[in-house]
Amino acid sequence: MSATADSRAHALASPSGARGGLFGHVRTAMLLAGLLAAGCKEPTGPEREISGAKIFAQNCARCHGLDGKGLSEVAGVRDLTDPGFMSTISDERMRRSIRGGRPPTMPSFPHFSEPTLKVLVAYVRALSQPELQLPPPPPPGP
């Protein structure tokens with residue numbers, strides 16, 4: 001083996017080698033973990049509870065009202081407490097409406113994660129079912 005080939009092989013196998021070794025793998029793993037963590041926009045689980053009432057109050061109540069009946073000053077807003085209307089809409093259609101909006105009046109919310117959408121759809125669905133006795137939504141806040 002030539003001296004140049006030998007030094008390259010040593011650099012690749014060495015823990016401090018520029019192209020690999022143990023530290024290179026650790027560095028790569030740390031970079032990957034950092035990128036994955038940065039991609040998680042809405043952590044769920046024991047760290048943070050997802051509340052349908054809170055999501056609704058922060059994003060939907062400005063047009064639909066905290067009670068879901070719709071504000072009279074917002075043209076074309078749906079009454080989400082009407083069981084007749086709500087029974088005609090599938091959960092999938094509701095998710096599409098939330099994600100894509102309902103032009104020209106309802107804005108889109110494409111940034112909601114699937115768990116957030118699932119909880120929000122369940123909350124909106126429950127607004128038309130008074131027998132469920134939903135707790136009042138919290139006031140909108142930051």
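Which residues of H3 are buried? The buried residues of H3 are Gly52, Ala53, Ile55, Phe56, Ala57 and Asn59, where buried means under 20% relative accessible area, exposed over 50% and partly exposed in between, with a 1.4 Å probe and protein chains only.

## Basis of the model

This is a predicted model, in which local features need pLDDT of at least 70 and side-chain atom pairs count only at pLDDT 80 or more, while totals for chains, interfaces and linings use all residues. Residues are numbered from 1 along each chain as its sequence is written, and side-chain values use heavy atoms, with hydrogens and water left out.

## Overall architecture

The protein has 7 helices and 0 strands, in the order α-α-α-α-α-α-α from the N terminus. Helices (H or I, at least four residues) and strands (E, at least two) are DSSP runs, numbered from the N terminus. Of the 142 residues, 27% count as buried.

Contact means heavy atoms within 4.5 Å. Among contacts between residues at least 6 apart in sequence, 43% join residues at least 24 apart.

## Aromatic pairs

The structure holds 2 aromatic pairs. Rings of Phe, Tyr and Trp (its six-membered ring) pair if their centres lie within 6.5 Å; planes under 30 degrees apart count as stacked, over 60 as edge-to-face and the rest as tilted. The rings of Phe56 and Tyr123 have centres 5.5 Å apart and planes at 50°, so this pair is tilted. The pair links distant parts of the chain, with Phe56 in helix H3 and Tyr123 in helix H7, 67 residues apart. Both Phe56 and Tyr123 are buried.

Phe109 and Phe112 form a stacked aromatic pair, at 5.3 Å centre to centre and 10° between the planes. Phe109 counts as buried at 7% relative accessibility, and Phe112 is likewise buried, with a relative accessible area of 5%.

## The largest nonpolar core

A nonpolar core is a set of buried Ala, Val, Leu, Ile, Met, Phe, Trp, Tyr and Cys residues joined through side-chain atoms within 4.5 Å. The largest such core has 20 residues, of which Phe56, Met94, Ile98, Phe112, Leu120 and Val124 touch the most other members. Two or more residues each come from H3, helix H5 (83-86), helix H6 (91-100) and H7, and the largest share, 6 residues, comes from H7.

Beyond its neighbours within four places in sequence, Met94 is in contact with Met86, Ile89, Val121, Val124 and Arg125.

## The largest pocket

On a 1 Å grid over the protein atoms alone, a pocket is an open set of points where a 1.4 Å probe fits, with protein on both sides within 12 Å along at least five of seven lines; lining residues have an atom within 4 Å of a point. The largest pocket is lined by 24 residues, and His64, Arg78, Leu80, Arg102 and Met106 lie nearest its centre. H3, H4, H5 and H6 each supply at least two lining residues, with the largest share, 4 residues, coming from H6.

## A cis peptide bond

The peptide bond from Pro103 to Pro104 is cis, with omega near 10°. Pro104 lies in the loop between H6 and H7.
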